[in-house]
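Here is a short briefing for a reader who is new to this structure. Take a look at the model, then work through the points below.

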Amino acid sequence: MTALRNLINQIANAMHMLSGVLLISMMLVTLIDVLTRTLYGLSDGAIALTFIGGVELIKYGLLFTILFTLPQSVGDSQVVVDLFTDRMSERAKIYLESFYLLGFALLGAGMTYRFYDAIESAILSGETTQDLMIPMPWVYRIVVFATAMLTLRCLLLIWELIRSHHRNQDTTTEAHATSLPHSNQQHKEVM
């Protein structure tokens, strides 16, 4: 289980880094597109360096950036409103966070199923992107991988939350049980 956990965490971390690269790439594509269009406009069409597919690169880059960020981010940055959770027991907080992660796991599983189903129909229809003519089955395969990783990471985080809570509970119970005879003995000595 530890090897699987480490593998999923390493893949999620690599996907998170790749999303940063994609974000920088999208900024560069946007900058180049704006510069070439400006040059085209300033030269009254004499310098035509514009390229087809810039919008498409941004669109799919944004999709992959978001999907590659989710598996790592879902475990790192929860927004907790202390007003609602301040008076909850630790157990209730853990189950609330597990419920939140379960929602993301179900979202990821639903998206994985839907895009996996879309792969076959895209293969049969020969669907491609509009400008760059990239076969859509490859786009859908990347989406399936990213959403499956989201599902696995969420399930892993739920497992770790509940397991660590039970481990802490067992440790607290054992510590309390070992301290009781000692405190009773001290009480008897005082009397």
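How many residues apart in helix 1 are Arg37 and Asp33? They sit 4 residues apart, which means about one helical turn separates them. This is a predicted model, in which local features need pLDDT of at least 70, side-chain atom pairs count only at pLDDT 80 or more, and totals for chains, interfaces and linings use all residues. Residues are numbered from 1 along each chain as its sequence is written, and side-chain values use heavy atoms, with hydrogens and water left out.

**Overall fold**

- The protein has 5 helices and 0 strands. Helices (H or I, at least four residues) and strands (E, at least two) are DSSP runs, numbered from the N terminus.
- Along the sequence the pattern reads α-α-α-α-α.
- Of the 191 residues, 26% count as buried. Buried means under 20% relative accessible area, exposed means over 50%, and partly exposed lies in between (1.4 Å probe, protein chains only).

**Helix 1**

- Helix 1 covers residues 2–42. It has 41 residues and reaches 60 Å from its first C-alpha to its last.
- That reach is close to the 60 Å expected at 1.5 Å a residue. The expected span is 1.5 Å times one less than the number of residues.
- The buried residues in helix 1 include Ile8, Ala12, Met15 and Ser19. Met26, Val29, Asp33 and Thr36 are buried in helix 1 as well.

**Helix 4**

- Helix 4 covers residues 90–125. Its 36 residues should span 52 Å at 1.5 Å a residue. The end C-alpha atoms are 52 Å apart, which agrees.
- The buried residues of helix 4 include Ile94, Ser98, Leu101, Ala105 and Gly108. Thr112, Ala118, Ile119 and Ala122 are also buried there.
- Gly126 follows helix 4, and its phi is positive, near 70 degrees.

**How the helices pack**

- Two packed helices are described by the angle between their axes and the distance between the axes.
- The axes of helix 1 and helix 2 (residues 54–76) come within 8 Å and cross at roughly 155 degrees. Axes are lines fitted to C-alpha atoms, for helices over the stretch in contact, and angles run from 0 to 180 degrees between N-to-C directions.
- That makes helix 1 roughly antiparallel to helix 2. Angles under 35 degrees count as roughly parallel, over 145 as roughly antiparallel, 65 to 115 as roughly perpendicular and the rest as oblique.
- The crossing of helix 1 and helix 2 is left-handed. Left-handed means that the near helix is turned anticlockwise from the far one by less than a right angle; clockwise is right-handed.
- By class, the contact of helix 1 with helix 2 has 14 nonpolar, 11 polar and no charged residues. Ala, Val, Leu, Ile, Met, Phe, Trp, Tyr, Cys and Pro count as nonpolar, Asp, Glu, Lys and Arg as charged, and the others, Gly among them, as polar.
- The axes of helix 2 and helix 4 come within 12 Å and cross at roughly 155 degrees. Helix 2 and helix 4 are therefore roughly antiparallel to each other. Their crossing is left-handed.

**Salt bridges**

- The structure holds 4 salt bridges. A salt bridge is a side-chain nitrogen of Lys or Arg within 4 Å of a carboxyl oxygen of Asp or Glu.
- Side chains of opposite charge can pair when their charged atoms come close.
- Arg37 and Asp33 form one of them, at 3.1 Å from N to O. Asp33 is buried, at 13% relative accessible area.
- Lys93 pairs with Glu90 in a salt bridge, with the closest N and O atoms 3.8 Å apart. They are 3 residues apart in helix 4, so about one helical turn separates them. Lys93 is partly exposed at 27%, whereas Glu90 is exposed at 52%.
- Asp117 forms a salt bridge with Arg114, with the closest N and O atoms 4.0 Å apart. These two are 3 residues apart in helix 4, about one helical turn. Asp117 is partly exposed, at 42%.

**Positive phi in the loops**

- Asp44 lies in the loop between helix 1 and helix 2. Its phi is positive, about 55 degrees, although it is not a glycine. Asp44 is exposed, at 73% relative accessible area.
- Met133 lies in the loop between helix 4 and helix 5 (136–190). Its phi is near 60 degrees, a positive value in a residue other than glycine. Met133 is exposed, at 52% relative accessibility.
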